[in-house]
Amino acid sequence: MPDNKRGSKKTEEDLAFNAVIGRNIKYLRKLRSLNQTKVADHCKVKFQQLQKYEKGVNGVSAFRLNQLAKFFKVNMDVLIDPQMITKHR
C-alpha cells in the first residue's frame with residue numbers, strides 16, 4: 001500500500017484522475033474566457049499551481065475542488081466526471 005507522503009509515487013489511477021480534473025478545470029475556465037491568473041487568485045494559489053492542476057501533474061485537494069466548484073458555479077462531481085466535457089457539448 002503506497003504511503004501518502006509528499007513526493008510518493010503516484011499510481012496510474014491517481015494520474016488518470018488528476019488528468020480528468022485538470023481537463024475539466026481547463027474546459028470550464030476557457031468556456032468562461034478566464035485566464036489562469038484569475039482562477040488562481042480566487043483559490044489563493046499561484047497561476048503555476050493552476051497550470052499543474054490543469055496538466056494533471058498535481059492533484060487537487062478536496063478543499064481546492066470545493067473552491068473551484070463554487071467559483072465555476074458547478075457541483076464538485078462535475079469537476080471529477082470523466083464525461084463532463086462530452087455531456088456539456
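Start with helices α2 and α4, whose crossing is right-handed. You are looking at a predicted model, so keep that in mind as you click along.

**Stop 1: α2 against α4**

Show α2 and α4 together and look along their axes, which lie 10 Å apart at an angle of about 120°. That angle makes α2 oblique to α4. From α2, select Lys 38, Val 39, His 42 and Cys 43; their partners in α4 are Arg 64, Gln 67, Leu 68, Phe 71 and Phe 72.

**Stop 2: α2 against α3**

On the α2 side, pick Gln 36, Thr 37, Val 39 and Ala 40, which meet Phe 47, Leu 50, Gln 51 and Glu 54 of α3. By class, this contact holds four nonpolar residues, three polar and one charged.

**Stop 3: the nonpolar core**

Next, go inside. The largest nonpolar core has 19 residues, and those touching the most other members are Ile 25, Val 60, Leu 68, Phe 72 and Leu 79. At least two core residues come from each of α1 (12–31), α2 (36–43), α3 (47–55), α4 (62–72) and α6 (84–88). Of these, α4 gives the largest share, with five residues.

Which residues does Leu 79 touch, leaving aside those up to four places away in sequence? Select Leu 79 and display its surroundings: you will find Val 20, Ile 21, Asn 24, Ile 25, Leu 28, Leu 65, Leu 68, Ala 69 and Val 74.

**Stop 4: two lysines in loops**

Finish with a pair of backbone details. Most residues other than glycine have a negative phi. Lys 44, in the loop between α2 and α3, has a positive phi of about 60°. Move on to Lys 73, in the loop between α4 and α5 (76–80); its phi is positive too, near 60°.

Are these lysines buried or exposed? Lys 44 counts as exposed because its relative accessibility is 71%, and Lys 73 is exposed with a relative accessible area of 75%.

Note on methods: Residues are numbered from 1 along each chain as its sequence is written. This is a predicted model: local features need pLDDT of at least 70, side-chain atom pairs count only at pLDDT 80 or more; totals for chains, interfaces and linings use all residues. Side-chain values use heavy atoms; hydrogens and water are left out. A nonpolar core is a set of buried Ala, Val, Leu, Ile, Met, Phe, Trp, Tyr and Cys residues joined through side-chain atoms within 4.5 Å. Buried means under 20% relative accessible area, exposed over 50%, partly exposed in between (1.4 Å probe, protein chains only). Helices (H or I, at least four residues) and strands (E, at least two) are DSSP runs, numbered from the N terminus. Contact means heavy atoms within 4.5 Å. Axes are lines fitted to C-alpha atoms, for helices over the stretch in contact, and angles run from 0 to 180 degrees between N-to-C directions. Angles under 35 degrees count as roughly parallel, over 145 as roughly antiparallel, 65 to 115 as roughly perpendicular and the rest as oblique. A crossing is left-handed if the near helix is turned anticlockwise from the far one by less than a right angle, and right-handed if clockwise. Ala, Val, Leu, Ile, Met, Phe, Trp, Tyr, Cys and Pro count as nonpolar, Asp, Glu, Lys and Arg as charged, and the others, Gly among them, as polar.
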